[in-house]
Amino acid sequence: MQYVKRFALYFLFVIVLNRLQAQNTGEPNYDESKVPAYTLPNVLKTVTNRQVRNKATWEQLRRPEIIKLFEDNVYGQMPKAFDRLTYSIKRENISAMAGKATLKEVLIEVVHDQKRLAINLVLFVPTKPKGPVPVFLLINNRGKENTDPIRAHKSDFWPAEMVIDSGYAIAAFHVSDLAPDDTVSYVNGVLRLYPEQVTAPNGMRAIGAWAWGASRVLDYFEKDPSIDAKKVAIVGHSRGGKAALWAAAEDQRFAMCFSNCSGNTGAALSRRRFGETIRRINTVFPHWFAKNYKKFNNNEDLLPVDQHMLLAAIAPRPLYVTNASKDLWADPTGTYLSLKNASSVYALYKLGSNLPANPPAINQPIINSSLGYHNREGEHNLTAYDWNSFLKFADVYLKSR
Ligand code: GTR
């Protein structure tokens, strides 16, 4: 008996040691059997332990609580006040794409405390639409050539022709206008307008700045008669996909959200510690999230939120998240589980209930659900396959309304 006890204790010791070692070396875990046991925070229980049973309590109490928890612990505050937003059309071409679209290059300027920020927007609107059109807005975190306004360079990352042919407008801005994606120079954008954010423990940083920029573009859309500002779909890939989720959660004017391969601190559950972890993301990208987020390095279970709550904060608006089969770094299973765990909030609106318990097979998109999903075969990227599914999803939820 004594032996058995000793052996059991030794065994436990080895397991704990292994786990600690794995955490400390920062070695990513890709083994499902090594995912630690975890309990997700209950999305439908308030901080004072009140069960949320209906839309009203969700909207008045729990949702604002969750947004505040994400602001204070993860993405930082989202400054709402500014003195002025103006815009000018820098270039217009009414016969772009061989006459299929009108191109507008718009300069959006935001002034606050006598400081000015410029956001450059590229926008294509289908020619002769019946009225204001829904628009896909991409947060571009890759090269600017991907959104080439003169279309000398075409890229599946932003397949403008394909979207125009489907009857939607398509737009993009580059993250560097808001916050350069760099550990030092990230402050040289919107944070110049809000310097107090840089020092605050819950201050906005790059991901928050990109999401903030998406909302300013939406402000512009509200002034452009060719755009239906009530039907703006925000799209982002990877780090841009994290920002797209945060933008849609913070700003309820976004009608729809597409978050592609967003992974850690995007759509994937942090507590699974599969692939990228909080510690790793905070170490390699210290300029992305609020300073407070570093408290949760190797400490996921202390977080008062997990990412399913971010997805839930988008309810009842249609949300589509994706993975790529070879992109284990972004934890496809953890992403699907996050979506599944957000569905209890969509259920308050009688939506999203048809989501299967297990992830669908590769290349089997779930379109007919307010919570859409696919795991595309292949690498970490935003491709024509992804956009094709986005368009199908939008056809169900944006076009018909
Ligand atoms: C990776 C990062 C991911 C993701 C990705 C990307 O290096 O670890 O969280 O954001 O970059 O943006 O492509």
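Ala, Val, Leu, Ile, Met, Phe, Trp, Tyr, Cys and Pro count as nonpolar, Asp, Glu, Lys and Arg as charged, and the others, Gly among them, as polar. Keep that for later.

This is a predicted model: local features need pLDDT of at least 70, side-chain atom pairs count only at pLDDT 80 or more, and totals for chains, interfaces and linings use all residues. Numbering runs from 1 along each chain as its sequence is written, and side-chain values use heavy atoms, without hydrogens or water.

Ligand first. Around the ligand sit Ser-238, Arg-239, Lys-242, Glu-276, Ile-281, Phe-285, Trp-288, Trp-329 and His-380, each with a heavy atom within 4 Å of it. By class, that shell has four nonpolar, two polar and three charged residues.

Now the polar contacts, meaning pairs of N or O atoms within 3.5 Å. Arg-239 brings a polar side-chain atom to 2.5 Å from a ligand oxygen. For Lys-242, the distance to a ligand oxygen is 2.8 Å. A side-chain N or O atom of Glu-276 lies 2.5 Å from an oxygen of the ligand. Protein covers 83% of the 320 Å² of accessible area that the ligand has on its own, by Shrake-Rupley with a 1.4 Å probe.

Next, the second largest pocket. On a 1 Å grid over the protein atoms alone, a pocket is an open set of points where a 1.4 Å probe fits, with protein on both sides within 12 Å along at least five of seven lines; lining residues have an atom within 4 Å of a point. This pocket holds about 210 Å³, the space filled by probe spheres set on the points. Its lining has 14 residues, with Asn-120, Leu-121, Val-122, Lys-144 and Thr-147 nearest the centre. Six are nonpolar, four polar and four charged.

Conventions:
A polar contact is a pair of N or O atoms within 3.5 Å; within protein, one must be able to donate a hydrogen and the other to accept it, and residues adjacent in sequence count only if both atoms are side-chain atoms.
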